Amino acid sequence: MESASTKDRIRKAIVYVILIIMAFIMLVPFAWMILTALKTNQEAISVDPFYIFPSNGWHWETFGEVWKSYNFVLLYKNTLLMIFFRVLCACLTATMAGYAFGRLNFPGRKFLFSLVLIQMMIPSTIFIIPQYLMVSSLGWLNTTAGLVFPGIVTAFGTYLLKTGYQGLPKDLEEAAGIDGCNIGQKFLLIMMPLTRSSMVSLGIFTALFAFKDLMWPMIVCSSVQTTTLAAGLAKAQGQYGSNYPQMMAAAVLAVVPMIVIYIIFQKQFVEGIATSGGKL
Amino acid sequence: MKEKKKMTPREKNEAIWGLAFVAPTMIGLIVLNFYPAVNTVYQSFCKTGDFGKGNTFVGLANYSKAFADPEIWQSLINTVKYAIIEVPLGVVIALLLAVFLNGKIKGVSIFRTIFFLPMVCAPAAVAMVWKWLYNQQFGLFNNILHTNIAWISDPKIAWISVGVIGVWSIIGYNMVLFISGLKEIPGDYYEAASIDGATGINQFFNITVPLLSPTTFFIVQTRVIGALTIFDLMFMVMDKTNAALPKVQSTVYVFYKYTFDQGNKGYGAAIVMILVAFIMVVTVIMQRAEKRFVFYN
Amino acid sequence: MADRNDRLSKWWKTEREKISGISGTSKKIGYIWEYYKLWIIGIVFGIWFVTFAVRQYTTTLRDYWCFMVFANTYADAGDHSPLWEDYVEYAGFDLTEKAVRFNADSYFDYLKGVTGNSYFEAFVAYADSGTLDAIVMGRDSLTALGKTGRLLDLNSEECSSIRAKYGDRFLYAVPLNEDYGGKEMPVCIDISDSRLVSEYGIYSEPCALGIGALSGNVESVELFLDFLFEDPGTK
């Protein structure tokens, strides 16, 4: 018993060391963003001598300046609206299609799924101009609907949820079938809740990609009133030239809501099937 | 038609539900993605009309030009080399981190948030940090190792340096997917195994690896596609004048150069078609392998 | 189908009986909400979305009299700027019919490289979709951009009247496309000495105007040029 517990302890220590080293490596660019924001522009772009920490005092006021000069409240609102609708649409369409591809037999299943895979292979830049023309002919330029438009369906999410549904035990559905549920009820009441973890990760990725997307909001929402954080910041970047501290301060402020969303949603991961698994 | 006659009412019911469920996604994909894609295929057979003149149909001329172009072949090799670094390393490191974070560790949610951070960072910050780390004179790597290596401008090693950035930026993404996959493994498998006296490493290879194989396959598949269509990393870290660029630039980068920078859409479309055909071959091979290596219950 | 109708009418009957069996309006509503909230939310959302789409489709102006990009300037040249107002007045456009759009949030320089520049990507989307009518930017940058074939060949038929008036201001570029045999082609018009610089101060460097290769509003661009070179005395 004694030797086993020391072994355990050593193993745990190794795990911690690895985790801490990795955490440090992953933290570097984020720390860099904050440190750059606190420097003067001169320090930020100087390579020789190179400054890790601001040597000229810590310029916290940059954050205040940036907050004042950008219309952050409006940008947050537009971004969150777009993210909300994109996540909603993506989760809805992908979970249905994922269930059908993973669990049901229907004619043309293989062919349709191969289309889903092919979509992921095509560089997305070729979709931009036709999609712009569609949004413009619908009259959706400068609206949230226009921003959401290319994210209504997701090939990646369909594939992700197909994998999620395929991983579930087969007997689950058979038991429900005996209870007289039809396929729609089976899907809604039994299968969908079990893939919550996959749905949450799809939601997180959809939100993240929507948040980072720069080209699309720039093209369809040219007015400052309707644009998103990423595009709004890029526009201001053009105005301020290359003032790195201001750029980074704006980037840090922009990123904060994403981190908060992630912290809220990661609870959903932990409460996935692992806890309910025992009851199945 | 023969098959339809043989369908039992139950099968028919299932087929109707299945088609209804995939309909929104498929209609969306066809309108949003496949209609533009077909347009691109057509363009690849055309000489792009410039200065206000219309397209002219030239048949396979763009393709024969592309096949004879060493730049295209080199870019395909570069892309494959990048994928060989990014995919295996990114998957293995992320899997280990996910398994660690799935155990009884203090501060799990803090670690998880930290590993997620690179994904929300501004690309400009990421590029700045890595450029500094790789800087030949003042960079951290050369200072620590007491070397004088041109990490991103020496054609022999630049592709590895770029691959390392790729691995670094994809770990958090893979890890999030692994964690959700791990959470979908029913806990009683582990309980049963620990009653049988299986230790951590045994459990990892006998339960986690096989039961996680659908997730792993999914990640490998999507990352292979993602790595083969890599683009932004190249222009973020490499300047246009970088001597190593020809040995690093990916196929999508070359496509972008022709289609966007030079306005030669026909040739760019042909390059994309060659790339898509190549990825399709890789995918078909992987789908074959799925049956052998992936375990579904 | 008949089976389906039967089931629906049966469901409607039993639900109505159930609801009339409940006493109190608030409890009735509570019951309906409890059992049918997903449907209610879905239907309300659907109706809202359809009204939104129809309203957008019918009320938005989807056609432009003129769509212009003023790149690399921090001056006020967007919609409703003095420049915009004066041009609309000069040309006498009916804004209830079509829109006039001046885009002054665009920063890219073809000479410095444009790979990965989202402003440039937006410009390409406008140019290749035929939305773009004209672009104004620094003279050298625009001439370089002209090599790509995204600007109209000013020797073409559509530009004959522009050529007659402004032919001496044309700037030439050698196309990247080798089919033209390295011959120079007029791609943009020097407007450095126009009112754009002297009166409106949009640019401080020498600048030029190029016409989008797929533009359908060459007359509007010609009007803009006339407006820029209008003799201040005639005003």
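Me: How many helices does the secondary structure of chain A come to?
Reply: Chain A of this predicted model has 280 residues, and 48% of them count as buried. Among its contacts with a separation of 6 or more, 73% are between residues 24 or more positions apart. Its secondary structure has 0 strands, and its helices come to 15.

Me: Which element gives the most to the side of domain 1 of chain A that touches domain 2 of chain A?
Reply: The domain assignment divides chain A into domain 1 (2-63) and domain 2 (70-279). Their contact takes 12 residues from domain 1 and 9 residues from domain 2. On the domain 1 side, the elements giving two or more residues are α1 (2-37), α2 (41-45) and α3 (61-69) of chain A. The element that gives the most, with 4 residues, is α1(A).

Me: How many nonpolar residues has the side of domain 1 of chain A that touches domain 2 of chain A?
Reply: Domain 1 of chain A brings 12 residues to this contact. By class, 5 of them are polar and 1 is charged, while the number of nonpolar residues is 6.

Me: Which helix gives the most to the side of chain B that touches chain A?
Reply: In the contact between these chains, 70 residues of chain B meet 79 residues of chain A. The chain B side has 47 nonpolar, 17 polar and 6 charged residues. With 20 residues, the helix that gives the most to this side is α2 (residues 9-44) of chain B.

Me: From which element does the largest share of the side of chain A that touches chain C come?
Reply: This contact joins 20 residues of chain A to 15 residues of chain C. On the chain A side, α6 (128-138), α12 (215-220) and α13 (229-240) each supply at least two residues. By class, that side has 12 nonpolar, 7 polar and 1 charged residues. The largest share, 7 residues, comes from α6(A).

Me: Are α4(B) and α13(B) parallel or oblique to each other?
Reply: Helix α4 (residues 70-102) and helix α13 (residues 251-261) of chain B pack with their axes 7 Å apart, at an angle of about 140 degrees. Angles over 145 degrees would count as roughly antiparallel. The relation of α4(B) to α13(B) is therefore oblique.

Me: Which residues in α13(B) meet α4(B)?
Reply: The residues of this contact divide into 4 nonpolar, 3 polar and 1 charged. From α4(B) come B:E71, B:I72, B:S75, B:L76 and B:T79, and the residues they meet in α13(B) are B:T251, B:Y253 and B:V254.

Me: How many Å separate the centres of domain 1 of chain C and domain 2 of chain C?
Reply: The domain assignment of chain C gives domain 1 (2-59) and domain 2 (64-234). Taken over C-alpha atoms, the separation of the two centres is 55 Å.

Definitions and conventions: Residues numbered from 1 in each chain as written. Chains lettered and ligands numbered in written order. Predicted model: local features only at pLDDT ≥ 70, side-chain atom pairs only at ≥ 80, totals over all residues. Contact = placed C-beta atoms within 7 Å. Nonpolar A, V, L, I, M, F, W, Y, C, P; charged D, E, K, R; others polar. Domains from an automatic or database assignment. Axes fitted to C-alpha atoms, helices over the stretch in contact; angles between N-to-C directions. Parallel < 35°, antiparallel > 145°, perpendicular 65-115°, else oblique. Buried ≥ 20, exposed ≤ 12 C-beta atoms within 10 Å, placed from the backbone.
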